[in-house]
Amino acid sequence: MGSTEVVLKTTELIQLVRDILRVAQSHQKSYDDRRQSDLKFQVGDFVFLKESSWKGVIQFRKRGKLGPRFIGPFRISARVGMVACRLDLSDELSQIHNTFHVSQLRKYVVDEGTFISLDDIQVDRSLNYVEKPIAVLVRKTKALRNKMVKLVKVQW
């Protein structure tokens, strides 16, 4: 076997690997393109704002996985380029810059129970607030092997 035959097989293998990679990238791109959607917001629309963009700055309700993902709604006051919007934020959020990338926004769908009203929240100097219960909905006692556990369902 000569060196030209080895080089020929090596170049064929390289071309085969490139073709396989190109096919795999094409498949992945088609999957990603199906999930993509253009985010179009107009001035005057109402949007929710993703809460995770300022973790540690302001905490709303519970921390961790039970915390709210979005807060608002806020009105879009101006477009800044193709991918950013300026929002009309409340006075409690005045320490946060009011321009956000569209990936941090979600379209507001009219439903009274889907957002946290910032008017009801009293924020202290450390940017925390106290949540007060509205009513006790259900009380029951659960019997374990050697003790009784009281359970209470509270509406916040």
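**Strands, core and rings**

Strands β2 and β3 pair in the antiparallel sense, over five bridges. Within that pairing, Ile-76 stands opposite Leu-87 in β3. The hairpin of β2 and β3 has three residues between the strands, and Gly-81 takes a positive phi there, near 75 degrees. As background, most residues other than glycine have a negative phi, and most peptide bonds are trans.

A cis peptide bond joins Gly-72 and Pro-73, with omega at about 15 degrees. Pro-73 lies in strand β2.

On its pairing with β1, strand β2 is again antiparallel, this time over four bridges. Phe-46 stands opposite Arg-75 in β2.

Let me step back to the whole chain. This is a predicted model, and the protein chain averages a pLDDT of 81, with 76% of the residues scoring at least 70. Where pLDDT is low, the predicted coordinates should not be read in detail. Confidence is lowest in helix α1, residues 3-35, at a mean of 85, and highest in strand β3, residues 84-88, at 93.

Of its 156 residues, 17% count as buried. The accessible surface comes to about 12,500 Å², and 55% of that belongs to carbon and sulfur atoms. Among contacts with a separation of 6 or more, 49% are accounted for by residues 24 or more positions apart.

Now the interior. In soluble globular proteins, nonpolar side chains tend to be buried together. Here the largest nonpolar core has 13 residues, of which Phe-41, Leu-49, Leu-87 and Leu-105 touch the most other members. β1, β2 and β3 each supply at least two residues of this core, and β2 gives the most, with three.

Next, the rings. A search of the whole structure finds two aromatic pairs. Why is the pair of Phe-48 and Tyr-108 edge-to-face? The ring centres are 5.4 Å apart and the planes are at 70 degrees, so the pair is edge-to-face, the cut-off being over 60. This pair links distant parts of the chain, since Phe-48 is in strand β1 and Tyr-108 is in the loop between β5 and β6, 60 residues apart. Phe-46, Phe-48 and Tyr-108 form one aromatic cluster. Is Phe-48 buried or exposed? Phe-48 is buried, because its relative accessible area is 9% and the limit is under 20%.

Last, the end of the chain. Trp-156 lies in the segment after β7. With a relative accessible area of 47%, Trp-156 is partly exposed. Trp-156 and Lys-132 are 24 residues apart in sequence but 6.3 Å apart in space, C-alpha to C-alpha. Leaving aside neighbours within four places in sequence, Trp-156 is in contact with Glu-131, Lys-132, Pro-133 and Ile-134.

That is what I have.

Technical notes: Residues are numbered from 1 along each chain as its sequence is written. This is a predicted model: local features need pLDDT of at least 70, side-chain atom pairs count only at pLDDT 80 or more; totals for chains, interfaces and linings use all residues. Side-chain values use heavy atoms; hydrogens and water are left out. pLDDT is the predictor's confidence in each residue, from 0 to 100. Rings of Phe, Tyr and Trp (its six-membered ring) pair if their centres lie within 6.5 Å; planes under 30 degrees apart count as stacked, over 60 as edge-to-face and the rest as tilted. Buried means under 20% relative accessible area, exposed over 50%, partly exposed in between (1.4 Å probe, protein chains only). Two strands pair if DSSP finds at least two bridges between them. Contact means heavy atoms within 4.5 Å. Accessible areas come from the Shrake-Rupley method with a 1.4 Å probe; for residues, only the protein chains shown count as cover. A nonpolar core is a set of buried Ala, Val, Leu, Ile, Met, Phe, Trp, Tyr and Cys residues joined through side-chain atoms within 4.5 Å.
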